[in-house]
Amino acid sequence: MSDSQSAHPEEKLTKKQLKADHPTWCPACGDFAVLASFFNVIQELRLTQTEFTCVAGIGCSSRIPYFVNSHGIHFIHGRALPLATGISLSRPDQHVFVFGGDGDGFSIGGNHLNHAARKNINLTYVIMDNFVYGLTKNQTSPTTPIGRRSKTDPQGSVDRPINPMMQLLGSGATFIARSHATHVKHMNEMFERAVKHNGFSVVEVLSECTMFYPGAFDSAIPRKGGQFDLIDEEEHNLTSIKDAFELAQLEFPGKFGVFYQNERPSKNDLEQKWINEIHDKQGDLAPQDLMRQKFAAMQ
Amino acid sequence: MSSVGASPQATQDDALQNVVIRLAGNSQDGIQSIGGMLGRLAGRTAREVMTHMTIPSTISGGPSIYQVHLGSGEVLHAGDVADVLVAFYQHSYDDHLDSLKEGGICLYDSEKVEETRDERGIHHIGVPFTSATVEAIGGTAKDRGKNIFVLGLLCAMFHLDREKLVGIIERQFGRKGEDILRNCMNAFDAGYAFQTTDLRQFRFAPGEATHSKRISSDGNTMLGLGLIASGVRYGAGYPITPWSSIMELLRRELPKYGGIFVQAEDELAAVSIAIGASYAGHLAVTGSSGPGLALKAEAIGYACMAELPLLVINVQRGGPSTGLPTSVEQSDLLQAIYGSHGDSPRIVVAPKDVEDCFYIALEAAQLARRYSCPVIILSDQALATRIEAFNEPNLDEHWIEPELDLSERGEDFKPYPLDGLTRHAPPGSPMPEGTYPKVTGLEHDEMGHPSGNPVNHQKMTEKRRRKLVSLAADLPLPEVYREEDGEILLMGWGSTYGPVREACDRLRDKGLCASATHIRHLHPLPAGLDELFARFEHVFVIEMNDSGVYGHGQLATILRTASCNPAIHSICKTDGLAYRVSEIVDGVDNFLA
């Protein structure tokens, strides 16, 4: 997102102003923490409700627009990113936030992720990854580990899961980070940096499905005996895709933090540049006269 | 003039009113290029024109034809039979000699074609296209330039306006460099001056059009420009024939008007991007051809449910599946009306000719804005590619400048009011009570909250349907050509408009009491159509689709359902070609026989 709007002089919105419907998630779902962290970012960046839009596809996590008191749209399965592309390109005044799960983002919408990322559409995408299809009640997802049993893999999953960081690095996204729903401060930081980034920023949050896949991310929770291993940004070169790929290949639960960040003009910027160049060339011609010129060439 | 392709017809002073020229060659020979130039010439000389082309679905090569029907008065069809056949190859000669009328002229390349058939009084004129062109522009020419040579021949033959034709050549080739333009002019002059004792010469009657600003164009161009004039500034698409040239035009033109057209990764993304821009407050467009419309179906259904305005162009081609990508068919009507799951009311309209492509875009945009729902424009391959000449649209009358409405909504604002039309508040609009609306594809209450309440679903389904019912009541009944009642009513939709009207006149020439009408609003249909049908003994619905299991084409099926009238019959075909007038006349004759 453009940094010009990040420091807002007005008072921050209260949690009460930001809350809408009570979430329909199961008790202790990881997504509650993601929502709370999102509210925190809106408050810290002093955004108002006319400055941002929430977009989602289908899935448990994709219900977020109903829970945020802002303009929001709940779209169809897998297509939240192209819908958000339409908003972002036509409304550069809006911060566009896209929420979704691993099925929405890596399976049915997998191709859109690649293309929104390579086009570097100016938006922030939060993937709440729980390694399972929760809304449809426990089927294998594109990030389900091999061997895990589900209703569609009673003998254990056999398909190699997608590695989200590898996928995103290959796609051309310009801000790629990874966090964990039980590490709220870290999530806050990742979200805030993602929002401030100009271009396609994405944060994968490991967010536990307590109903169908409890304990999936315990190995990254210190109080449960795991290790929350942060990327050391003094050592790690953020702009090196090679270094980022190396980090992405570490064994689960791997590292957390910003894997990669680079400046590359967003499609929003490039399209506007083209429009400006054309406008400079054609001058202040009335739009009807532009078309009349076209007609004249058709005589 | 109703020439039945039996032209060149001479009037009292022997001037030609109509002529149909069929150029037959291979797709890389540039026959489309000279056909297009003849079309533009018609526009510049106050004449009318309609063209018809076939293109092989290959990258380069393959037999191809381009037919040009030039007329001094009204031209409604591309011609059933040709007056002049220009055959570049033996296969062109063999395949198309039958398309010549009795006593017609076959102009052929004497170095490529062997004259094998002496029949029906056809005049054969052999001219060495290839070597004469090489002679005119030098040894490097090979096969290039012979199309322009032929253009010169035709120009001399029909006394076409040489000066204007040269102007068109200069505009087309001038930007490609001096050498190329000089070669073209040399080839043209050589053709123009070519002496053959066989070459008959005809004089064309002056054009009758009086409007000072005549333009000539194809349907896709006029649809694209119509979208811009209707205030559309954003859109997305994916390449597919024959839709692609609209997206190419929008990609090129929209930035001039401050807009953006996105080439999306697939059809699903394209429609989703357009819905995103529409949600954001800018009525947006997506488009495709048959297979692409199928892929967009889910998202179009979303726009029906979420009540978002959206324009969808479908340039129909032969189906199903990959089908006949470069041929014409009207077999997507039912897909356009019903092609999403669930009850998903949307509006479907179809333009009748190239000029109408411009105005249908304007009307579709107005309907989408007023009823906040998807509007599908059904064009087809024939309209997309054929050239017609017509009056330049008056932009003082036909121009909508888009406005983004971010005003603060009233205290009683609801995105989905049960007792009114949906008017969404785009992102950025302040809400007086501080409660922000949601747009959703889940069944919802008036505020956009998900609701599975049975009574609510019933009421919301009715709300979405009511829009179309009220539109149907507002729509004008289609005009009837000739008597308002009688024996026969011919009804067409889309690009069959011209041939259907011409067929009506030919049936009357045969002594039948025939009228014709054309339906532009396909869904919803205007209320009162059943009363119109009841005034005729037989209603024939002419469509380029299959008559199906129950014997009726797609529109006829709907009309029979809507009006319960057993006098509605179908004339259908699926040969991938535009209707010839004679096929419609024969269809009626066969039924009555």
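Analyst: C155(B) counts as buried because it has 21 C-beta neighbours inside 10 Å; a residue is buried if 20 or more other C-beta atoms lie within 10 Å of its own, exposed if 12 or fewer, and partly exposed in between, with C-beta atoms placed from the backbone. The model is predicted: local features need pLDDT of at least 70, side-chain atom pairs count only at pLDDT 80 or more, and totals for chains, interfaces and linings use all residues. Residues are numbered from 1 along each chain as its sequence is written, while chains are lettered from A and ligands numbered from 1 in the order in which they are written.

C155(B) belongs to helix α4 (residues 146-157) of chain B; helices (H or I, at least four residues) and strands (E, at least two) are DSSP runs, numbered from the N terminus. Neighbours within four places in sequence aside, C155(B) is in contact with L160(B), R162(B), L165(B) and Y192(B), where contact requires C-beta atoms, placed from the backbone, within 7 Å. Of these, Y192(B) is 37 residues from C155(B) along the chain, yet their C-alpha atoms are separated by 6.5 Å.

The domain assignment, automatic or from a database, divides chain B into domain 1 (15-204), domain 2 (216-391), domain 3 (406-474) and domain 4 (480-592). The C-alpha centres of domain 1 and domain 3 of chain B lie 58 Å apart.

Chain B also holds an open sheet of seven strands with mixed pairing, in the order β11-β10-β12-β13-β15-β14-β21; strands pair if DSSP finds at least two bridges between them. Its edge strands, each pairing on one side only, are β11 (260-263) and β21 (521-523) of chain B. From one strand to the next, the twist averages 20 degrees. Helix α8 (residues 244-253) of chain B packs on this sheet, touching β10 (234-237), β11, β12 (284-288) and β13 (310-316) of chain B, and its direction makes about 135 degrees with that of β11(B). Axes here are lines fitted to C-alpha atoms, for helices over the stretch in contact, and angles run from 0 to 180 degrees between N-to-C directions.

Strand β11(B) leads on to chain A: together with α4 (80-90) of chain A, β11 of chain B packs against the buried residues of α10(A). Helix α10 (residues 267-282) of chain A has 16 residues and reaches 22 Å from its first C-alpha to its last, close to the 22 Å expected at 1.5 Å a residue, a span taken as 1.5 Å times one less than the number of residues. K267(A), N268(A) and E271(A) are buried in α10(A). Seen down the axis of α10(A), the buried residues fall within an arc of 105 degrees, so they line one face of the helix; the arc is that of the directions from the helix axis to the C-beta atoms. The face turned away from that buried side carries the exposed residues K273(A), N276(A), E277(A), D280(A) and K281(A).

Between the chains, 52 residues of chain B are in contact with 44 residues of chain A. On the chain B side, α9(B) gives the most, with nine residues.

Methods:
Two residues are in contact if their C-beta atoms, placed from the backbone, lie within 7 Å.
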